[in-house]
Amino acid sequence: QVQLVESGGGLVQAGGSLRLSCVASGNIFSINVMAWYRQAPGKQRDLVAAITDGGSTNYADSVKGRFTISRDNAKNTVYLQMNTLKPEDTAVYYCKVEKVRSSDYYQSHAWGQGTQVTVSS
């Protein structure tokens with residue numbers, strides 16, 4: 001029953017910045033993990049960054065120092081601030097949540113629809 005809506009994707013030049021947002025809805029009490037994945041054409045979907053409800057984070061080596069993940073638990077929203085973007089960052093970015101708890105249900109995971117990020121050189 002969890003629904004995820006991503007926004008903030010677009011076209012930017014190399015060296016530019018974008019901020020992605022993902023809002024989770026569905027009578028949610030808590031979300032253990034919120035994360036961002038990305039998938040380029042012909043490649044597998046890989047983890048970009050993740051954050052727990054306690055604030056612990058982890059990042060793919062390729063984005064460390066450039067991307068920052070954060071969350072607003074009151075709004076059930078996760079953000080991905082992407083700086084110093086490179087052409088190799090071009091991909092569809094997907095929001096994922098894990099271990100979602102509600103008074104009505106428990107859901108192990110859910111995916112958003114994805115938002116396109118294109119970085120030109």
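Predicted model: local features only at pLDDT ≥ 70, side-chain atom pairs only at ≥ 80, totals over all residues.
A search of the whole structure turns up two aromatic pairs. In one of them, the ring centres of Tyr-37 and Trp-111 are 4.9 Å apart and the planes stand at 65°, so this pair is edge-to-face. Since Tyr-37 belongs to strand S4 and Trp-111 to strand S10, which covers residues 106-111, the pair ties together parts of the chain that are 74 residues apart in sequence. Is Trp-111 buried, partly exposed or exposed? With a relative accessibility of 35%, Trp-111 counts as partly exposed, whereas Tyr-37 is buried at 15%. The other pair is made by Tyr-94 and Trp-111, whose ring centres are 6.5 Å apart with the planes at 90°, so this one is edge-to-face as well. Here Tyr-94 comes from strand S9 and Trp-111 from strand S10, and the two are 17 residues apart. Tyr-94 is buried, with a relative accessible area of 13%, and together Tyr-37, Tyr-94 and Trp-111 form one aromatic cluster.

In soluble globular proteins, nonpolar side chains tend to be buried together. In this model the largest nonpolar core has 31 residues, and those touching the most other members are Val-2, Trp-36, Leu-80, Met-82 and Tyr-93. Several strands give two or more residues to this core, among them S3 (18-25), S4 (30-39), S5 (46-52) and S8 (77-82), while the largest share, five residues, is supplied by S9. If you look at Val-2 and set aside its neighbours within four places in sequence, you will find it in contact with residues including Ala-24, Ile-28, Val-97, Tyr-105 and Ala-110.

S11 has a covered face made of Thr-115, Val-117 and Val-119, and an uncovered face made of Gln-116, Thr-118 and Ser-120. Which strands pair with S11? Strand S2, residues 10-13, pairs with S11 in the parallel sense over four bridges, and Ser-120 is the bridge partner of Gln-13. S9 runs antiparallel to S11 and is joined to it by three bridges, with Tyr-93 standing opposite Thr-115.

I would like to finish with the loops, and with Arg-66 in particular, which is placed between strand S6 (57-59) and strand S7 (67-72). Arg-66 counts as buried, at 10% relative accessibility, and its side chain reaches the backbone oxygen of Thr-84 at 3.0 Å. Beyond its neighbours within four places in sequence, Arg-66 is in contact with Gln-81, Met-82, Asn-83, Thr-84, Leu-85, Lys-86 and Asp-89. Thr-84 itself lies in the loop between S8 and S9, is partly exposed at 46% relative accessible area, and has a positive phi of about 50° although it is not a glycine. Asn-76, in the loop between S7 and S8, likewise has a positive phi, near 50°, but Asn-76 is buried, with a relative accessible area of 18%.

Note on methods:
Residues numbered from 1 in each chain as written. Heavy atoms only, no water. Buried < 20%, exposed > 50% of the residue type's maximum accessible area, 1.4 Å probe, protein only. Polar contact = N/O pair within 3.5 Å; in protein donor to acceptor, adjacent residues only side chain to side chain. Contact = heavy atoms within 4.5 Å. Core = buried A, V, L, I, M, F, W, Y, C linked by side-chain atoms within 4.5 Å. Pairing = 2+ DSSP bridges. Phe/Tyr/Trp six-rings, centres within 6.5 Å; stacked < 30°, edge-to-face > 60°.
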